[in-house]
Number of protein chains: 2
Amino acid sequence: MVATAAETVPHLTTALSGPLNIIESTILDYQARIESWFRSEWRKTPVPLYASVDLRNAGYKIAPIDTNLFPGGFNNLNPAFEPLCIQAVQSALERLDRPVDRVVIVPENHTRNEPYLENLAVLQRMFEKAGFETRIGSLIPGLEKEMLIELDSGSRIRLEPLRRRDSGLYINDFRPDLLVLNNDLSSGIPDFLQEADQLVIPPVNLGWSDRSKTVHFNFYRDVAQEFAALLDIDPWFIDPMFRNCGEVDFMKRAGESCLSRNVESLLKAIQKKYDEYGVSHEPFAMIKADSGTYGMGVMSVNSPEAVHDLNRKQRTKMATIKEGQKVTKAIIQEGVYTNETWGSPGTVAEPVVYLIDQNVVGGFYRVHPQRATNENLNSPGMYFERLAFDECCISPDKEQSPDAHPNRFYTYGVIARLALLAAARETKSL
Amino acid sequence: MVATAAETVPHLTTALSGPLNIIESTILDYQARIESWFRSEWRKTPVPLYASVDLRNAGYKIAPIDTNLFPGGFNNLNPAFEPLCIQAVQSALERLDRPVDRVVIVPENHTRNEPYLENLAVLQRMFEKAGFETRIGSLIPGLEKEMLIELDSGSRIRLEPLRRRDSGLYINDFRPDLLVLNNDLSSGIPDFLQEADQLVIPPVNLGWSDRSKTVHFNFYRDVAQEFAALLDIDPWFIDPMFRNCGEVDFMKRAGESCLSRNVESLLKAIQKKYDEYGVSHEPFAMIKADSGTYGMGVMSVNSPEAVHDLNRKQRTKMATIKEGQKVTKAIIQEGVYTNETWGSPGTVAEPVVYLIDQNVVGGFYRVHPQRATNENLNSPGMYFERLAFDECCISPDKEQSPDAHPNRFYTYGVIARLALLAAARETKSL
């Protein structure tokens, strides 16, 4: 057979080999009701500027496992999604309480992380194409003048020092109306960002210096319960159970008993649900730094004892996360198998959905050839497979079966928006 | 040479063979200023739900020649634009002063106009995918029960009688929150649509029974002047001049002297502009029924005498328009040559831009192999060429030349939005 052009487009058939899911067909049946509910929720709770949501689809369960409010990775979206992103940016900024013409994006301090810088270039272009004068204001300590970086894609990034003058933020004489944070503030909120004249979105206290996964998944639990009641399904189908340990020190082995006790109770609770629904898998739990990101400080365990059996290397890996921050709190989250594979059998994948304003604007699969279905895929060796445009998650196609791509992606978009709503409530509660 | 896949995608190179335009490069240079201006205008004046704008690009001039507030032809958009349309529909309905879950689309009374019915199927699907329960409520006199129509595309249309009960509008027991007019009400506003409990958008008095091109182009003239001042260009570059005759009867030859006098004065004014800018074309004017649509009641003249020389057939064609309405008023509009051709030399084309809410969501070329560059292309024998998605008019690409496709289409999107703004002010003035 001769290869045709169509075959060069990523095919997700193999990534979507799971059993036809009751959740998916229910979500399709109730589309109008679901969209109406979302509309009324967005009227009550303003939505964050943007987010990316990592999902796991186990077939019997689809759940968000991480909600990033300072998403990188826009460079991994299909460029065909760009008009959708631009329109969503326009709509988000239009809704702000003041007119915005000039924007400064405040990025992470990376200067050598090429994929991140490509993300930044895409973000800047997106705001520019949406019709805003857009510059990049760096927080890099000691950056005195602009730094130009040429990227492999041919794009060019200009990092300029962001400075405070009286109560205003500036790049030289450029005074933005709005600062868009793309820095998760893992190491804390810089003083000079506090109480500035200009609007900063998302707000600085959504950074990981203040935020915790436990709080987020608490809000998510409420959202999942309301949504499940709307559809008359068990909220467990869409909600990962979790426990929490408030004082841990992996190096000093402090808090170990809290961790193992919670792992035990969580594994039991999962087993109970597995028994209820005839799931024959072995339960597992993910221990995660409660304020961690970049997939750091994450491990998979399938017994309480595993917590005690960590070797020094494993402890070190769990103890510190991004920018050398120490881990002092942990969330123990129900492990959700991913039943999605990509390409060759056994190459596991998980969908990542991107949102701007209240809109799903695209997504991709995170694929990891060296990981198992019960492991963290956000780790070195992963790569990304873009979703093709006409398979984007914005709308279902009722003329196709519930597990057809547009329909499965619609379901992913719904679950991602539930996580977005949890984040919206989290933001409102600050 | 072997044909490749890429060649099956419409190429607009030949349609874009015009001279590089000062207007286009100015618009590109001032993108941020233009978008900022549009944002502030949309804050002042709410935008109509949707519109399609016919443009003419003469190279030395780009102007809207018709603004349709009840657009058909959504079926001619590239299906890849659908997510953009859906997002724009969500955003438009979100901005209304009341929550909307149920929608009724009120279409034209056509039952055999297959392209129109395909448009209707696309519109319905768009609202459904945007998450609204959507039905089609027909105004067809005497329609007692639902009418099912199978379309060549495989879509199926269900027309149901729209009825008034007390102050509410219904399809049987289905009570919509919103009625979306896709009927231009050429024959007048049905009584039972007046002062209903539910919101009707666009408002009924924007139908052609009340609306006139003269009023629209009066508003457009103001918009063009403000925009031209912003860019420091001659407003004539984007504004077709026009005159108006208030009492004409083509069959009785009434108002002929008004027409010829105005044609004469308009042709002189055009010649003056042509002289100023060194344009060597022959001026021409379009005489149009002031409330006409569907390309009916339109003719091209290049001398005042032409008005007197009309034969009986030509008079008959000018005298009545859609749904047998009599023409009593006429607009005499500056003829704008189209310098765009499609495919074989001499096959003229004009762009049609579609807008939902304040967003450009797509467009196509109206192509007519039997027409000249100074004739009405909206006539039997025309066909449509879709714009490819990545060439959509939503954003410019500053790394390319001003006449590269995304940039020329961006310019078209800007001019179309100027016409939309004129329509917004027209709506506000009702």
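# Terms and values in a predicted two-chain model

Student: Why does Asp232(B) count as exposed?

Tutor: The relative accessibility of Asp232(B) is 71%. A residue is called exposed over 50% relative accessible area, buried under 20%, and partly exposed in between, with a 1.4 Å probe and protein chains only. The value of 71% lies over 50%, so Asp232(B) is exposed. The model is a predicted one, in which local features need pLDDT of at least 70 and side-chain atom pairs count only at pLDDT 80 or more, while totals for chains, interfaces and linings use all residues. Residues are numbered from 1 along each chain as its sequence is written, chains are lettered from A and ligands numbered from 1 in the order in which they are written, and side-chain values use heavy atoms, with hydrogens and water left out.

Student: Which residues of helix 1 of chain A are buried?

Tutor: In helix 1 (residues 22-29) of chain A, the buried residues are Ile23(A), Glu24(A), Thr26(A), Ile27(A) and Leu28(A). They pack against helix 2 (31-44), strand 2 (62-68), helix 5 (213-231) and helix 9 (405-428) of chain A, where contact means heavy atoms within 4.5 Å.

Student: What makes strand 5 and strand 10 of chain A edge strands?

Tutor: The open sheet of chain A has 6 strands in the order 5-6-4-3-9-10, with mixed pairing. Two strands pair if DSSP finds at least two bridges between them. Strand 5 (147-150) and strand 10 (199-201) of chain A each have a single partner strand, so one side of each is left without a neighbour in the sheet. On average, neighbouring strands of this sheet are turned by 30° against each other, direction ignored.

Student: How do you know that strand 3 and strand 4 of chain A are paired?

Tutor: Strand 3 (residues 102-107) and strand 4 (residues 133-138) of chain A are joined by 4 bridges and run parallel. Within strand 4 of chain A, Arg135(A) is the bridge partner of Val104(A). Helix 4 of chain A packs on the sheet, touching strand 3, strand 4, strand 5, strand 6 (156-161) and strand 9 (178-182), and its direction makes about 165° with that of strand 3 of chain A. Such angles run from 0 to 180 degrees between N-to-C directions, the axes being lines fitted to C-alpha atoms, for helices over the stretch in contact.

Student: How many bridges join strand 3 to strand 9 in chain B?

Tutor: In chain B, 5 bridges link strand 3 (residues 102-107) to strand 9 (residues 178-182), and the two run parallel. Val104(B) is placed opposite Leu179(B) of strand 9.

Student: At what angle do helix 3 and helix 4 of chain A cross?

Tutor: The axes of helix 3 (residues 82-94) and helix 4 (residues 114-129) of chain A cross at roughly 65° and come within 9 Å. The residues in contact include Cys85(A) and Val89(A) of helix 3 and Met126(A) and Phe127(A) of helix 4 of chain A.

Student: Where is Pro202(A) found, and what kind of peptide bond joins it to Ile201(A)?

Tutor: Pro202(A) is in the loop between strand 10 and helix 5 of chain A. The bond is cis, with omega about -15°. In chain B, the bond from Ile201(B) to Pro202(B) is likewise cis, with omega near -15°.

Student: What relation do chain A and chain B have?

Tutor: Chain A is superposed on chain B by a rotation of 180° with 0.0 Å of shift along its axis (RMSD 0.0 Å). This is the relation of a two-fold axis. The superposition is by least squares on the C-alpha atoms of residues with pLDDT of at least 70 in both copies. In chain A, the C-alpha nearest the axis belongs to Leu84(A), at 2.8 Å.

Student: Why do the copies meet through the same surface?

Tutor: Of the interface residues of chain A, 100% are also interface residues in chain B, so the surface is the same.
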